[in-house]
Structures are given as structure tokens and as C-alpha cells.
Amino acid sequence: MVGLFATCQPKKATTTQRAASVLPPPPLPPSRLLPIPPPVPAPLPDQELTRFLQQYAVAPLLQSVRNTQEVVPYNGFFGSDRHRIEVVLLRVRPDATQPRRLLVTAKSRFKGKIQDLQGVIELTALQRQPALNKAEQAYEKQQEAMRMMTVIRLPNAEKAVGYYTLTGNFDWREVAGAGRFAGRAVLDVAVTDQQGLWSASLRKTAGARGADLLFDGQWTSGQMGLVKPFILVENVTGFAEHVLQDFEVGERDIVINPKYARLGWDSYWENEEWWAEPTKAAAHATAIQ
């Protein structure tokens, strides 16, 4: 899958307002040009979204706490300098009266400051991710060969049988601060032959653009009137080149470019469980500046 195998992983909560993306995807560097994808299909009929949410559990997929022993934080890019920000979605559950609305309890960390967040994700549309065309398939084989990667499928293991993109809006507010994260949610997923659901971007040129799960919008401060761009992703190494050029360096032994250490990326591989610590109340004005 384009960009998938070549990556590594280590308010009031009642209304949602859609914020246009403030960081449109720049052209990829010439050395990383990707194959032209097939046309993006139109959204499926509205009843298909209803049926999908009845059949598949989306909320657990978005939750950072996947089981009792594994937590997968989201990483992102904040402000005009694209400084690293982290968010852990501690709990995501469907609204009992509105199945398309997911209630979110989370924590964010930015420059060492931790904030509790509460809010919603509202899903509004469903469309298919088209299958890889011949050029994209050839690109994937080239990437696997270059990085000496081999995909091994175990007997009786789940396999993807369909790829989709869920879109909607998110709105999360700082519990102790005046900040608000809001924008567009783009969730690339795969359904399996065992009724499972995975996060999976087939390509970097459409949908979540290699992020698997993407939240793209802005942070605003109601108290100070600040507005800053905000992008949060599950698969940061699959998406980062849209934001920071040469984010990864090397060919087989891939590392994050040291020049981005000043933006907080030098600690990406550290396994610090900061979300498990009690949140300390921070002054509104200094919480996320």
C-alpha cells in the first residue's frame, strides 16, 4: 500500500463546527513523487454509513488505549513551526442516542504541559478507497525491495477485504484551559474477513494521505484570541512529508531527521507514559503557547 509498508510505528461537548484545513498538502519533493492515483469515488449513500457503524466498532479503533498493555499515542504538528504535539485518546465511545457521534476523553502534551481534553467526533460520510492501480502496485514492490521488507501472512490470520474512508468533524476542549481543537476527521480503515476493523491508508495521495487516522484543523484560545494550525495523525512517519520536508533520512535504516529535534521530535522513540500521570492545572495563558 502506497506509503504504508515504507513507514514505521513505534465546550461543551454538544456541538461540532467544521474548520477548514489550514495546512493544505504541499507538493511532494521531486525525489518522492508518487504514482497518480485512480479517481476518488463519490461518498456512498447515507444509509451505508449507518449500516457500516452498526456492523463495525469504530470507537475502539480510534482509542489510543488498545488493550491493557498497549497505548498508541497520536502525534502531530502544532503552530506555524509544526512543533510536535501528542494526544492520547483515553476513551472513545458512541453516544447512546446518536451513533454517529463519538464521545472523547483525552490528554494532550505540548512542550511538557499536559491538558485534559473532552469533546466529540461526528462521522458524516463514508466512501471507498479505490484499489491500487498497476503503477501504485509497482511502486509498493519497489519500496519493499529498497527497504528489504517482507510481508508474512500467518495461516488463518485476518486479511483485509475492503478499504474505506470515514470523514467527519472533531471538537475537543481543554478541561482546565481555554483552548479548543476543532476541524476535520479523515479516517482510513480496512474491514477484514473476520468482521474486524483496522486503520489503513492505501496511499498518500488521498483520504488520510498516509496518516491512517487524521485530525486536521486548528487550535483556538477563547481567552486570548490565538489561532494556530493543528494536525494530528496515527501514523506520523507515513504522513510527515506532507508537513516537514525530509522528515525521515536514510535508506534502509530510517531515522527522523536530527534537524527537527528542536521541534520536539528527538524524543519520539522514548516510551514515557506521560498520560498516566495526574494532570497538573496550568495557567490558561501559558498552557499551550
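What follows concerns aromatic pairs and nonpolar cores in this predicted model.

Q: Why is the pair of Phe78 and Phe181 called edge-to-face?
A: The angle between the planes is 65 degrees, and planes over 60 degrees apart count as edge-to-face. The centres are 6.5 Å apart, and the limit for a pair is within 6.5 Å. This is one of 17 aromatic pairs found in the whole structure.

Q: What makes this a link between distant parts of the chain?
A: Phe78 belongs to strand 3 (residues 74-78) and Phe181 to strand 8 (residues 179-192), 103 residues apart.

Q: How do you know whether Phe78 and Phe181 are buried or exposed?
A: Buried means under 20% relative accessible area. Phe78 has 1%, so Phe78 is buried. Phe181 has 0%, so Phe181 is buried too.

Q: Why is the pair of Trp265 and Tyr268 called tilted?
A: Their planes are 50 degrees apart, with 6.1 Å from centre to centre. Stacked requires under 30 degrees and edge-to-face over 60, so the remaining label, tilted, applies.

Q: Why does Tyr268 count as buried?
A: Its relative accessibility is 5%, and the cut-off is under 20%. Trp265, at 3%, is therefore buried as well.

Q: Which residues touch the most other members of the largest nonpolar core?
A: Among its 37 residues, these are Phe52, Val58, Leu62, Ile121, Trp172, Phe181 and Phe215. Strand 8 supplies the largest share of this core, 5 residues. A second, separate core has 18 residues, including Ile231 and Leu263.

Definitions and conventions
Residues are numbered from 1 along each chain as its sequence is written. This is a predicted model: local features need pLDDT of at least 70, side-chain atom pairs count only at pLDDT 80 or more; totals for chains, interfaces and linings use all residues. Side-chain values use heavy atoms; hydrogens and water are left out. Rings of Phe, Tyr and Trp (its six-membered ring) pair if their centres lie within 6.5 Å; planes under 30 degrees apart count as stacked, over 60 as edge-to-face and the rest as tilted. Helices (H or I, at least four residues) and strands (E, at least two) are DSSP runs, numbered from the N terminus. Buried means under 20% relative accessible area, exposed over 50%, partly exposed in between (1.4 Å probe, protein chains only). A nonpolar core is a set of buried Ala, Val, Leu, Ile, Met, Phe, Trp, Tyr and Cys residues joined through side-chain atoms within 4.5 Å.
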